[in-house]
Structures are given as structure tokens and as C-alpha cells.
Amino acid sequence: MTETLITGIGVISSLGIGREAFWEQCRCARSGIRRITGFDTGGLQSNCAGCVEGFNPAAWLPPMTYRRMSRTSQMAVTASIEAVQDARLDFATLERSRVAVIMGTAYGGSSCIGEFFDGCIDEGPQGAHPFLFPETVPNAAASHIAIYHGITGPNCTLCQHDLSAEAALHYAANLIEQGHIDIALVGGSDELSRALLTCYGALGVLNDITVDATEPPVPRLQAGLVPGEGAAVLILEKSSTARTRGAQPYGILTAAVFAGAAGAPGYYAGSHAIMLQALERAVSQAAIDRSRIDQISVSANFSGALDRREYRLLTDFLKGCPRTPAIHPLKYLMGDFGGAGAVRAAALLLSMRRQERLPGLDVEILNTQGPFLPQWQQDCGAAARVSVMTSTNVGGATACLVFTAFDT
Amino acid sequence: MVSPTVRRVVVSGLGVITSTGECVPAFQQALFSGACGIGAVDLFDTAGFPCRHAGQVKHRDLRSLFNPREIKRASRCDLLGLAAAREAFADAGLAPGTYDGANAAIVLGAGTGGLHSWERYCRRVRSGAAAPCPSQLLGVPQCTITDRIASHYSIGGHRATIATACSSSATSIGYGFDLIRSGACDIVITGGSESLSECTFAGFSSLRLMDARACRPFDKNRQGLSLGEGAAILILEEYEHARKRGIAAYAEVLGYAINCEAFHMTSPHPDAGGMSAVMSGALERAGITADHVDYINAHGTGTPVNDTTETLAIKKVFGEQLAAAIPISSTKSMVGHCLGASGAIEAAATVLAILRQAVPPTVHYEVPDPACDLDYVPNHARQHPIRTALSNSFAFGGNNTSLVFGRVDRASARTAQ
């Protein structure tokens, strides 16, 4: 496998706008789940989510650029700007056709889709707004990133529900491996919208949290997902390119494994067997012993079906392991969305750069019901050299990524 | 040329459902006879739209094609995709228990997924009628058809759904090609599925990109595209793996390229730089020179800008003289623009053209356009020797994909029907 490094990170999340703010919230395990104020939540099952607060696209983008973008696109482009700056990429000196933009999203500009169709219902064909329509396609964010930076290499968007960003990372790594490109801006983005929460509510999959302006939201474990929003962009780079330009890598993407089992739409695979298989394959591909794993980011999202499967996955995988890694369910802090995998990867990589493990939770919490009263264990003195990310989706797909420290 | 150590990739199975034919033989028959499937839409109300037709799949009850247990909560997009997948698996000789699902991956392209189901749900809610069944929302995500096919056929390897609008399923074939070539697996299910929906109909209409008549790609009086729906599944397989199974191939996948224009969300760059670069890149990756291309299946939407720009791009890549000698056709003139499925449907048309050594026509072509002055195979198919062929897909956001297919050696090739 061609050595693939991560050399830049940009994050817009409910835990903070920008990489540094995000990291501070992560290391202190402060929740970004709060009351939704961005749109009317009247009649919705829940009025709380992992909302990005205080994001002002005008601080990053010219008005003519951001005004025609969905919130998803705005967050994605902004995260890409931060990532490019962080990696010190100078497109004037790069062959732009050898740079890719690969993004993952579950629903893209869902607010635009909702608004667009509301216009059609209310006013018929005359109500279809031509400015909204281009933002209803999932690939809008990736295209805006390419337009903003003038990147003419491969451009692709993957929609694999909650594994969308993981799928994007896999495809980007494949493009580097196959020699198509040298560098990829890869990540994920999604936005909260009334249209989306209406669907989730109808399906009965939401954690029922309704609070007034003064109450802090307390999600219940195994009681339904807490939705979220945000964007993260990572700069993936072929090792030789990164070394030549003197980049300072956060880490190495050592393994990326996808696998699938049978799963009906809206339901997880029947057991955690395929997740375990993917995890074992990834660890084997990375050529590491499981006792060397410092932290595992799991995709637990407060939904009982997923959290219980991840509990079984970890207890089976870590059976007999002399050392327990930190277990980090970031979605417990920021909610769940299709592009969340990129934000989770960013958290792991930032912790590796800072030689500071993410705070973890006892694995038993994944198998617990009731109010989430977090007891994050901080082991700030411990370095993180090997980080694993496991992710599982309704429909039966599962993914596992391994990041290892970069030694100069 | 391809090094003997490089893993070769062939198309070992096909499944197609479109407005012109609901299986490969019917699609093929229509393709080479120039039949058009574009007609009045009755899937939803088109009153008030300047254009009221599209390439809608004619089957009155797609659900009747399946065992009800197979299609619980399935969207129209799912049904189209499952129909094409069933044909493709049978065509490739992949009966249950005869292949290793862990050695197979699935990469599909998607456009709107189950958007039509969501629209129906929203309309019911807004009408105040009895509460609609929320389970129809389960089919909304674009990846649902990928998960359904993977689950139904026990595909245990890599799974991905590409959503780059009109180039989605062409890119899925490219990704599948990479997965086999890299040795990740021996079989990849690729292609895409798309259902008509009110949002896309209204969206393209609002952008004034739809022709009030059936679309007329490359014609001087063309006014825009016609939408369509359908699905195509291409089973990609490592050459030796297919040979050992005794499966004859339709064609070989020689390479692909994808790029981005980085110019505009809905318009191609007028200098055709992105389109020409993606075609050149695909030829380079396939290891062939321009003079080996004997057929181009164009993106050919029928919008004034696309067809002129694509023509210019082809001239840039092949030179004026060679470009004029290559037959070019638009499958969209018959089936409409099937968005997320269009790249796969056109890839299927391209491999069938290679198999039959014949080029399908561009129908509704009446008046030559001085700005589109190449050979668009007007209205009638023709026999033509094809060694290699190019299939173009250009999408919103400037997402371009070109695929290169080649003829397989006689011993490994299927017999044309």
C-alpha cells in the first residue's frame, strides 16, 4: 500500500468552529448538543441536536460565493480553506489536475431540498426556485470546494449514510494508491434541517429531547440517535509528495477496510460479526498488534441497536488484550450525521499530533440504558500512536480505519 | 498496451431496464432500431410544466416483478435497480452459492435515490389526508439500493455509493475497475438506478434546460434535455476469474478518468478544457492512442451548451480530421437523461455496440448544426468495426467521467444476439 499521510485538517462542528476550538472541546469532552435555534422546531419530536453555532461564512468567503450555497456547502468549503492553510498547500506550485476533492454526505443540502419542494407544492412549477436546485444535488459541496480552490483533478461525492466520509476516505486512498492523484481534499459534511428531522421523527429514530432555552439537554442512552451537523476536510497526501514539500503530517492512514453484511433498509446487520471481521482485517492490514491500540473511536450514536453492537464488538475484540484503549464515542458529544466520520478522524489525528489521548468512556456505557451522565476518563499524559475508527451503518455496511503516528 | 502482469477487467454480466426496454435483449433491440421511449409522464402531475414528457419506464406495476418479501419498503429507484441486478447476476452466471461474496464488492452510482417516495410522503402530509406510512422514507437515502443489492446477493466486500449527479454511475464503473485492478476483489457490481421525481423535473424545468419535444441532441434546433429513468447493472470481473468460470465477456474495461472543471455549478467551461482533459486522461490510462477509438457514446444531453462544448472537446482530443471520422451517438435521444443511472445505461449501450460491431443512432436528428459538425449517426444504426470505444458522462458541478471499453479476444467474447 502506498503510504498515505494526513497533512492538514479543517473542522466546522458543534464542538467548535475551526481546528483549535474543536480540539479544546474534544479534550475537555464538552458537549455540542444543544437546543436548535437555526430553524423552527415546532411539531418536531425533538428540539435538540449537535448544532453548529456561531458559524459565519462571511468570515471566510466572499458574499457572492456563499450566498448561493447551502449550509452544507458553506461549512465544507470553509473547512477546506482551513485544511489547505494548515497543510500549507500552495496551488500555484502544484499540478491541480493531480489534486482530488472527495467528499461524503448523507443528504447534502437537505434544507434546500425541503425548501425547493415546498415551493413546488405551494406554487406549482412556478415555485421551483432555479437558484436552489443546484444545491439539492449531493455533489454540490465537493464542486464548490473545487471551484473555490481551482482544483481540476478527480471530484467525487459518496453517499453511504453514516459511513459517507469513511467511504470518501477509502476512495481517496484508492486514487492515491492507483496513481491517479498525489493529494486529496477529503472529508464529509451535512446540515441539520427541518425536512431531515421531520423524516427522522416520523421514523421514530430520534432521541426524544425537548428542552426550553434554559435547560441543558440530556440524551438518554440507547433511546435513539441525536442528529448533528458539521464538516471536516483532511488533506490526504502521498508520502513522497508530502516529504518533498516538507509537510508536517498528523499521521498515516495505515488501513481502510469496508465490509458488508445483509441489513434491511433502516436496520443494522443482524449481529456484530461483520464489524469484528472488518476490525480484525484492518488491524491485520496495518500490521499492528491489538495491544498497541491507544484509542478507538466508535460510531455509537445513542441508538440502542448500534451501541449494543459496538459494545459486543469491543468486548470480543479486546478479550484477553493486556491493555484497554480509550473508547471514544464522539457522536455522544456532537450528534450523528453522514459526514461525521471525517470529524471523528480529525479528532483522532489532532490527538496524535498533540501526543494526548482523547478522553474515553468505560465500554460498559455502550451497553447501558438511561440518562447519559458522562464520566469521561482523561488520560492526558498518554500519547496516542495508534488510533482505530470503527463505523457501522444501517443497511449492513461497516468500515474500519487505522491511523498510526508519523515518525520523521 | 496493458502489461501481462496487470489484472484485466471485463464486463461479464449486464442488466438493463429503461423506457425503451425492460431487459437487455429488449433494450438492445430498441437501441439499434432507434426506438424512442420518451413520452407523456404519468408518474406525477406535470400540469403547468412547459415540458410534460420523459423516458418513463412503461411497466405498470414494477412490484409485480418481485416476491413481496424481497421488496418491502422499496422505492421506485430500488425496484428499477433490483430488476437490473437480477438480470445482471443471471447473465453473469452468478447464481447463489456459486460465488464467494467476500470476494465481491459493490459500487453503484445514484442520483436522487428514493426522492420520489419522499415527495409522495410530503404531499400526503401536506394534504392532511390519513397519516402516510413513514416506512416509505426508509428508501430515501441514495445508498439504499446499494445496500439492498448487497444484502440480497450476499456481497460482503467493499460497498460504496457515488453521487456525482449525471456522472455517478460512470464513476462507479471506474471505481469498480480500480478495485479489481488493485486486487481488492475479483467481482464488482457496478452501475446505477434512477427514478423520475418531481424535484428533478421541476429543477431542470426551472433552469430552462428541458426541451418541450423529445430531446434532439446535436440538432441545430435542440432546446434542451428530456429526463428519463431506469437502471443498468454491469458486473465487472477479473479476466482470468471470468474465464475460469467459463463466462464469456461483453467487453473489456480498459481505463477511466474523472476530473472537475472547477468552473460553474451548472455550465461547462466554454473552452471544453475539462471535457477534453477527461477524455485524454481516460485514453492515457487505458494505454491507447486517439486513433484506436472507433466509437464515442456522447454525454449528448441535447442542451445547446453541452452539445456544442462536447463537440469542441472531441475535436480537441482527436483533431478535426479524426474527430470527423468517428461515429458519435447520444443514447439519451432514446431513453432520456437518466441522471444517476445514465452513465451505466450508456456504458451498457457502449459494450453492446462493441459486441455487435455496430453503432446506435442519435434519434430525432433533423437539422445539422454548424457548431456540431461531427458524425452523430443520425436516426439509423450502422455496422462499424469497433476496437475501442469511449463513453462520456458530464455532470453538474463540472464532474466529468470518461470510460474506455475495448473488444475482448474472440475466444473470451460473447456471441452477439
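Leaving aside neighbours within four places in sequence, which residues is B:Phe201 in contact with? I will come back to that after some background.

This is a predicted model, in which local features need pLDDT of at least 70, side-chain atom pairs count only at pLDDT 80 or more, and totals for chains, interfaces and linings use all residues. Residues are numbered from 1 along each chain as its sequence is written, and chains are lettered from A and ligands numbered from 1 in the order in which they are written.

On confidence, the model scores ipTM 0.97 and pTM 0.97. For chain B the mean pLDDT is 96, and 99% of the residues reach 70 or more; pLDDT is the predictor's confidence in each residue, from 0 to 100.

Now the chains, starting with A. Chain A has 12 helices and 15 strands. Helices (H or I, at least four residues) and strands (E, at least two) are DSSP runs, numbered from the N terminus. The radius of gyration of chain A is 20 Å, close to the 22 Å that the globule rule gives for 408 residues, so chain A is as compact as a globular protein of that length. That radius is taken over C-alpha atoms, and the globule rule is 2.2 Å times the number of residues to the power 0.38. Along the principal axes, the C-alpha atoms of chain A fill a box of roughly 65 × 55 × 40 Å.

Of the 408 residues in chain A, 63% are buried. A residue is buried if 20 or more other C-beta atoms lie within 10 Å of its own, exposed if 12 or fewer, and partly exposed in between, with C-beta atoms placed from the backbone. Take the contacts in chain A between residues at least 6 apart in sequence: 80% of them join residues at least 24 apart. Two residues are in contact if their C-beta atoms, placed from the backbone, lie within 7 Å.

Chain B has 11 helices and 14 strands. Its radius of gyration is 20 Å, close to the 22 Å from the globule rule for 417 residues, so chain B is as compact as a globular protein of that length. The box for the C-alpha atoms of chain B is roughly 60 × 55 × 40 Å along the principal axes. Buried residues are 65% of the 417 in chain B.

Next, where the chains meet. The contact takes 55 residues from chain A and 57 residues from chain B. On the side of chain A that touches chain B, the elements giving two or more residues include α4 (110–123), α7 (194–203) and β10 (251–260) of chain A. The residues on that side of chain A divide into 34 nonpolar, 20 polar and one charged. Here Ala, Val, Leu, Ile, Met, Phe, Trp, Tyr, Cys and Pro count as nonpolar, Asp, Glu, Lys and Arg as charged, and the others, Gly among them, as polar.

Two of those helices also pack together. Two packed helices are described by the angle between their axes and the distance between the axes. For α4(A) and α7(A) the angle is about 90° and the axes are 7 Å apart. That makes α4(A) roughly perpendicular to α7(A). Axes are lines fitted to C-alpha atoms, for helices over the stretch in contact, and angles run from 0 to 180 degrees between N-to-C directions. Angles under 35 degrees count as roughly parallel, over 145 as roughly antiparallel, 65 to 115 as roughly perpendicular and the rest as oblique. A:Ser110, A:Ser111, A:Ile113 and A:Gly114 in α4(A) meet A:Arg194, A:Ala195 and A:Leu196 in α7(A).

Back to the opening question. B:Phe201 sits in helix α6 (residues 198–206) of chain B. With neighbours within four places in sequence left aside, B:Phe201 is in contact with B:Thr46, B:Phe49, B:Leu196 and B:Leu227. B:Phe201 is buried, with 23 other C-beta atoms within 10 Å.

Last, two loop residues. Most residues other than glycine have a negative phi, and most peptide bonds are trans. A:Ala29, in the loop between α1 (19–28) and β3 (33–35) of chain A, has a positive phi, near 55°. A:Ala29 counts as buried, with 20 C-beta neighbours inside 10 Å. B:Val377 has a phi near 50°, again a positive value in a residue other than glycine. B:Val377 lies in the loop between β11 (358–359) and β12 (382–383) of chain B.
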